[in-house]
Amino acid sequence: MEELSNLASGFSVALTLPNLGYMLIGITLGILIGVLPGLGGANGIAILLPLTFSMNPTSAIIMLSCIYWGALFGGAITSILFNIPGEPWSVATTFDGFPMAQKQRAAQALTAAFTSSFVGAIFAVALITFLAPLLAKFALKFGPAEFFAVQLLTFCSFIGMSKEPPAKTIVSMMLGFALAAVGMDMVTGQLRMTYDMPELLKGFNFLIAVIGLFGIGEILLTMEEGLSFKGKTAKISPKVVWETWGEIFKHWKTFLRSTAIGCWMGITPGGATPASFMSYGMARRLSKDPESFGKGNIEGVIAPETAAHAAGTAALLPMLTLGIPGSPTAAVLLGGLLIWGLQPGPMLFVEQKDFVWGLIASMYLGNIVGLIVVLTTVPWWAAILRVPFSVIAPVIIVICAIGAYTVNNSMFDVVMMMVFGVMGYLFKKLRYPLAPLVLALVLGDMAETSFRQSMLLSQGSMAIFWSNPLVGSLTFVAIALLVWPLWGAAKNLARASEARAEAA
Amino acid sequence: MSVEPSESSASGADGSPGSLGMRWPELLMAAFMLAVSLLVIIDSRRVGTDWGDDGPKSGYFPFYIGLMLAMASGWILVSQLRRWSRDTEVFAEHEQLRLVMAVFVPMVLYVVLIFGIGIYFSSAVLIGYFMLRHGRYRYAITLPVAIGVPLFFYVVFERWFLVMLPKGPIETLLGL
């Protein structure tokens with residue numbers, strides 16, 4: 001087992017005192033980010049990224065990924081105690097988590113949520129441990145056409161799987177690609193779409209977009225609700241934890257099913273949010289007592305939390321092995337790797353062994369540290385949410401402005417952050433999905449480069465995308481996912497015309 | 001690129017009274033995206049969308065991106081126009097829009113203020129304004145928070161991480 005010896009050396013990298021310290025800082029910041037409205041995993045990491053440029057990359061990625069775990073844990077706290085999902089993937093947790101809190105079972109709900117998150121994540125990390133090296137080895141054989149086909153698959157599955165209308169998903173994605181193309185063309189050195197504005201020479205930085213879309217946009221949305229937080233309190237005692245553990249492990253089937261859903265949705269870029277809903281739906285459908293869901297059934301907390309955390313973790317698998325992130329947060333982490341001069345993809349596993357295995361080992365440790373931290377500090381986080389929005393909102397605006405400025409030390413970026421903020425608000429209101437925009441903005445250059453290289457190889461013939469079984473099947477799956485909604489639409493259309501015929 | 005005008009273009013005629021209907025924002029957003037796609041297509045045509053001496057020219061890839069953006073936004077635009085009179089969905093209540101503007105306008109002024117007097121004093125003003133105006137706090141609570149938060153950021157960024165943030169004339173006077 002080569003993986004295990006690699007993992008052991010990874011632990012020796014991650015288990016140093018400074019790295020454990022960074023883990024603790026990361027988890028704490030992450031929970032804070034997850035608890036506060038307007039700050040989430042993606043934009044929280046985007047804001048903190050510039051501060052880590054001077055750090056050693058391994059420590060930096062350990063801290064940043066721990067922020068990610070923390071944010072995943074933190075989302076559950078607000079959902080259960082305040083009925084406010086701190087993150088989109090914890091919406092499904094509110095369905096049964098808040099009713100449990102209303103029945104004075106907040107401590108049990110929180111323990112169940114944190115434990116399920118932990119279980120989901122550990123399974124997903126184990127999957128990464130054993131699958132990532134294989135996938136990386138396999139991907140070493142990839143040429144530009146295969147890489148483009150994988151990227152095509154990613155984007156097509158967004159269009160096919162998205163709950164938003166396909167046209168809006170395409171608009172969001174194409175806008176991302178267009179924004180990514182602004183600035184200097186790396187191949188020919190030509191300026192594109194700058195329209196003689198010197199500020200646009202560098203192009204649009206995705207960190208600015210993430211801070212604006214998710215940070216400022218979220219503040220505007222939250223303000224709409226005129227929020228005043230009124231929540232339940234909870235203290236978790238060791239006795240409750242012990243009893244809840246005894247109770248929830250009877251639901252081991254739910255754990256396994258939710259983990260499988262989460263891992264699958266995380267690797268294919270479905271993301272944590274649909275995974276949590278799907279898993280909740282499955283748990284209710286397969287339950288002996290579906291009536292009790294929505295009224296405080298502990299299984300309704302276990303299912304979405306396990307799946308969300310498994311998906312959030314599994315999203316890092318394609319990010320590390322293929323350089324294709326499965327979620328906006330993974331996209332930001334990928335951007336960080338690029339800034340540190342580490343090109344994610346199969347070569348990373350050959351050239352940067354210490355880094356990769358240190359990171360994987362830190363995923364195990366980070367989740368253990370995270371579980372202990374959240375279980376012991378819940379009352380404190382609940383207290384933070386009692387600070388009124390009129391104080392939190394301006395502070396978050398200030399943090400976003402500072403974060404946007406520090407990316408390039410440019411005020412133009414702060415202005416762009418505001419523009420993206422308005423766009424994020426309007427996109428959310430008009431049901432345009434945000435994730436495709438961010439992913440396209442991050443992957444745009446890479447997708448364009450691999451597309452051009454494939455075109456060069458084939459002298460401009462598209463036939464290269466089905467020139468061998470591997471690339472052909474990737475392209476086929478991509479196109480199948482793309483036309484998936486058309487099939488549904490055609491069925492609806494047929495049904496509608498049938499109904500009309502009957503009415504007439 | 002300008003901020004879309006859909007928020008200001010209130011049309012009380014549709015939706016329930018006291019709310020802004022979905023159709024105008026929806027239409028304007030689609031039109032805006034269509035305009036963006038035209039910018040992309042025009043500029044791609046300028047740099048060349050065909051095959052050059054050494055491979056595809058710079059506009060080769062973005063041209064198709066622009067084309068797909070145009071088709072998708074055109075589709076939304078047309079289908080929005082087709083269900084124009086049937087669309088009674090609500091974008092937001094006027095009261096909600098007022099709340100959003102109550103945070104958006106100060107936000108814009110804050111960014112303008114950063115250009116003039118730097119980020120630290122602007123932040124103090126922003127936090128102070130929110131706490132006094134929306135939180136209805138007394139000065140005794142507002143002032144320490146409004147001054148303490150920027151001071152904390154000053155120490156963290158300028159002293160600890162050695163990251164310089166925009167400063168204005170007041171900082172220069174203080175000799176920072």
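Predicted model: local features only at pLDDT ≥ 70, side-chain atom pairs only at ≥ 80, totals over all residues.
Local features are reported for pLDDT of at least 70 and side-chain atom pairs only at pLDDT 80 or more, while totals for chains, interfaces and linings use all residues. Residues are numbered from 1 along each chain as its sequence is written, and chains are lettered from A, with ligands numbered from 1, in the order in which they are written.

**View 1. The contact between chain A and chain B.**
Chain A contributes 47 residues to this contact and chain B contributes 56 residues; two residues are in contact if their C-beta atoms, placed from the backbone, lie within 7 Å. On the side of chain A that touches chain B, at least two residues each come from helix 8 (166-181), helix 9, helix 18, helix 19 and helix 20 (435-458). Helices (H or I, at least four residues) and strands (E, at least two) are DSSP runs, numbered from the N terminus. Helix 18 of chain A gives the most to this side, with 11 residues. By class, the side of chain A that touches chain B has 34 nonpolar, 6 polar and 7 charged residues. Here Ala, Val, Leu, Ile, Met, Phe, Trp, Tyr, Cys and Pro count as nonpolar, Asp, Glu, Lys and Arg as charged, and the others, Gly among them, as polar.

**View 2. Helix 9 of chain A against helix 3 of chain B.**
The axes of helix 9 of chain A and helix 3 (residues 94-133) of chain B come within 8 Å and cross at roughly 140°. Axes are lines fitted to C-alpha atoms, for helices over the stretch in contact, and angles run from 0 to 180 degrees between N-to-C directions. The angle makes helix 9 of chain A oblique to helix 3 of chain B; angles under 35 degrees count as roughly parallel, over 145 as roughly antiparallel, 65 to 115 as roughly perpendicular and the rest as oblique. The crossing of these two helices is right-handed: a crossing is left-handed if the near helix is turned anticlockwise from the far one by less than a right angle, and right-handed if clockwise. Helix 9 of chain A takes part through Ile219(A), Leu220(A), Met223(A) and Glu224(A), and helix 3 of chain B through Gln96(B), Leu99(B), Val100(B), Val103(B) and Phe104(B). The residues of this contact divide into 7 nonpolar, 1 polar and 1 charged.

Helix 11 (residues 252-267) and helix 12 (residues 272-286) of chain A have axes that come within 9 Å and cross at roughly 150°. Helix 11 of chain A is therefore roughly antiparallel to helix 12 of chain A. Their crossing is right-handed. Among the residues in this contact are Ile261(A) and Met265(A) of helix 11 and Met278(A) and Met282(A) of helix 12. The classes in the contact of helix 11 with helix 12 are 8 nonpolar, 5 polar and 1 charged.
The axes of helix 12 and helix 13 (residues 299-314) of chain A come within 8 Å and cross at roughly 150°. The crossing of helix 12 and helix 13 is right-handed. The contact includes Ser276(A) and Tyr280(A) of helix 12, and Glu299(A) and Pro304(A) of helix 13. By class, the contact of helix 12 with helix 13 has 10 nonpolar, 5 polar and 1 charged residues.

**View 3. Two loop residues of chain A with positive phi.**
Tyr195(A), a residue other than glycine, has a positive phi near 45°. Tyr195(A) is placed in the loop between strand 2 (191-192) and helix 9 (206-224) of chain A. Tyr195(A) counts as exposed because it has 12 C-beta neighbours inside 10 Å. A residue is buried if 20 or more other C-beta atoms lie within 10 Å of its own, exposed if 12 or fewer, and partly exposed in between, with C-beta atoms placed from the backbone. Asn409(A), also not a glycine, has a positive phi of about 50°. The loop between helix 18 (389-408) and helix 19 (411-429) of chain A holds Asn409(A). With 12 C-beta neighbours inside 10 Å, Asn409(A) is likewise exposed.

**View 4. The surroundings of Leu34(B).**
Leu34(B) belongs to helix 1 (residues 23-47) of chain B. Leu34(B) is partly exposed because 18 other C-beta atoms lie within 10 Å. Apart from neighbours within four places in sequence, Leu34(B) is in contact with Ala70(B), Ser73(B), Gly74(B) and Leu77(B). Leu34(B) and Trp75(B) are 41 residues apart along the chain, and their C-alpha atoms are separated by 9.9 Å.
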